[in-house]
Amino acid sequence: MLCTRLTNARVLTMDPEHPVAHDVGIWRGRIVGLDAAVTSLPAREVVDLQGATVLPGFIDSHVHLAWAGLKANTPSIAPCERVEDVLAVIAEAAARPAVPGAWVDVAGYDQRALGRHLTAAEIDRVSQGRKIFLMHDSGHACVVNTAVLDLLPADVPHQDGFLAESAMTAVRRLRLPYSQEELADAIERAGRTCLAEGITAAAEAGIGGGLLGHSPVELGAYQLLRDQGRLPLRVQLMAAGDTLRPRAAHRDDGIPRALDLGLRTGFGDDWLSLGALKIYTDGGMMARTAALTEPYEGMDHTGQFQDDPERLAQLVVDGHLAGWQLAVHAIGDRAADLALDALERAQRLRPRPDARHRVEHAGLIRPDQLPRFARLGVSAVVQPNFLRYFGDDYADVMGERRAPWMYRGRGFLDHGVTLVGSSDRPVTDGSPLRAVQFMVERASTSGRAIGPDEGITVDEALHAYTVAGAYACHWDDSAGSLTPGKRADLVVLGDDPRRVDTSRIGDIEVVATYVDGRTGKAGL
């Protein structure tokens with residue numbers, strides 16, 4: 001007997017062997033058959049979907065769940081556009097009762113809305129003696145007041161309280177890590193938002209270190225959720241690159257650096273597993289720290305690397321030698337050069353044809369870099385909603401010649417590169433459907449066309465959020481398509497993205513999300 005049979009649906013399976021179905025049979029969290037194979041079988045529950053469209057659950061291959069959940073419960077200055085209004089929000093947050101010495105966190109900071117950066121002196125006027133921390137929306141910078149600056153070593157660079165990249169990391173190290181309970185609550189909160197958008201699995205892009213690690217024992221928060229049956233969706237965790245340490249392993253193992261016990265990509269189960277090693281090479285376009293080969297338009301700088309380039313390259317090589325899948329953050333084209341050079345060097349030293357290394361963001365990729373992605377078998381994990389919401393600004397700072405190279409679609413596919421969809425939540429909107437719409441029409445919210453020749457078809461965009469996402473996370477044997485034997489993770493939509501006008505795709509209703517064959521149930 002089936003546990004559930006979904007019937008009277010338009011099922012887009014993403015499986016070329018059986019592309020469309022009307023019935024799906026589910027037993028113990030797995031798909032056991034389609035159409036005639038299950039229509040006559042008894043089932044404990046039969047759900048008539050009344051013609052709704054069913055797709056494999058969306059996979060968001062690059063998110064920050066803990067950060068997203070924490071941000072949702074943090075006072076925000078968005079969408080303030082005047083310094084006075086920003087200071088009023090900070091003053092209100094600083095006046096809230098708190099334990100002695102507690103920091104004041106404020107979210108939603110983006111200097112572009114103000115036309116300049118806030119200064120430590122301005123924040124001092126309303127801080128009431130407390131330590132103030134404003135996280136930049138990009139996750140690559142912050143602004144703090146003098147009470148925080150006074151705690152930093154003298155060699156940490158800042159500009160009137162603005163600190164970017166490694167300097168921001170120095171600030172974060174002054175603070176006590178979040179507790180596992182706090183993190184677990186935040187992750188659950190963000191996970192349920194993902195479910196509401198049809199996302200059934202996600203890759204958490206960096207825990208335990210790096211720019212956005214929240215605790216050296218951060219993995220424990222996910223295990224806590226798993227143990228308590230509160231993990232809303234399947235999660236793959238990327239360990240931050242700086243969590244690797246030199247280990248005195250056997251010489252024949254060829255492992256220069258590793259996590260304790262030699263843990264690496266693949267450890268875990270269907271609900272919680274260890275994925276790629278996350279390595280940051282540069283910053284971000286929003287903070288103007290993405291590493292470019294030519295200056296930002298109208299500016300006299302080309303962004304920055306996170307560390308000495310050779311040290312970054314060596315970390316990539318060491319991670320590869322230790323058996324990790326690598327997720328290399330590279331937004332600018334100069335950073336992409338570093339990433340591709342290091343990955344090529346690593347593969348020469350120890351060939352691993354199915355390593356499935358990834359470049360995260362691939363925000364600005366020159367035409368000459370596309371064949372290198374293909375030759376190395378590297379996936380491009382892009383965030384289409386960056387251009388949907390920030391595209392006007394990004395296009396301005398890249399200039400007319402380079403703007404079409406941003407967050408490519410067609411260019412990657414035409415070169416045989418695996419194109420993977422993701423959000424980088426909470427940097428911007430996490431909706432896969434709105435991202436799919438942008439991938440097709442390549443228009444920002446203002447209507448500005450950004451690299452229209454990079455537009456792809458609806459089928460190709462859906463593939464990026466299902467089949468390609470499963471491939472990038474080594475889940476292709478169990479997810480990404482509605483195929484017998486795979487997980488019963490699926491999303492029910494109020495309309496078919498392939499049949500509606502492109503401008504309506506982002507507004508299609510998510511009727512229900514099934515994980516493990518159940519609607520909205522936490523993993524047990």
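Is Ser-422 buried or exposed? Let's start there and then walk through the rest of the model.

1. **Before you read on.** The model is predicted, so local features need pLDDT of at least 70 and side-chain atom pairs count only at pLDDT 80 or more, while totals for chains, interfaces and linings use all residues. Residues are numbered from 1 along each chain as its sequence is written, and side-chain values use heavy atoms, leaving out hydrogens and water.

2. **Ser-422.** With a relative accessibility of 1%, Ser-422 counts as buried (buried is under 20% relative accessible area, exposed over 50%, partly exposed in between, with a 1.4 Å probe and protein chains only). You will find Ser-422 in the loop between strand 21 (419-421) and helix 14. Helices (H or I, at least four residues) and strands (E, at least two) are DSSP runs, numbered from the N terminus. The side chain of Ser-422 makes a polar contact of 2.8 Å with the side chain of Gln-383. A polar contact is a pair of N or O atoms within 3.5 Å; within protein, one must be able to donate a hydrogen and the other to accept it, and residues adjacent in sequence count only if both atoms are side-chain atoms.

3. The peptide bond leading from Arg-425 to Pro-426 is cis, with omega near 10 degrees. Another cis bond joins Ala-78 to Pro-79, with omega near 5 degrees; Pro-79 sits in the loop between helix 1 (65-72) and helix 2 (83-94).

4. **Helix 14.** Now follow the chain into helix 14 (residues 432-441), where seven of the 10 residues are buried. Among them are Leu-433, Val-436 and Phe-438. At the start of this helix, a side-chain oxygen of Ser-431 comes to within 3.3 Å of the backbone nitrogen of Leu-433. After helix 14 comes Arg-442, with a positive phi near 55 degrees.

5. **Helices 9 and 10.** The axes of helix 9 (residues 309-321) and helix 10 (residues 333-349) come within 9 Å and cross at roughly 40 degrees, which makes helix 9 oblique to helix 10. Axes are lines fitted to C-alpha atoms, for helices over the stretch in contact, and angles run from 0 to 180 degrees between N-to-C directions. Angles under 35 degrees count as roughly parallel, over 145 as roughly antiparallel, 65 to 115 as roughly perpendicular and the rest as oblique. Residues in the contact (heavy atoms within 4.5 Å) include Leu-312 and Val-316 of helix 9 and Leu-338 and Ala-342 of helix 10.

6. **Helices 7 and 8.** Here the axes of helix 7 (residues 180-196) and helix 8 (residues 219-227) come within 8 Å and cross at roughly 65 degrees.

7. Where do Met-14 and Leu-261 lie? Met-14 is in the loop between strand 2 (10-12) and strand 3 (20-21), and Leu-261 is in the loop between strand 16 (257-258) and strand 17 (272-280). Phi is about 65 degrees for Met-14 and near 70 degrees for Leu-261. Met-14 is buried, at 18% relative accessible area, whereas Leu-261 is exposed, at 84%.
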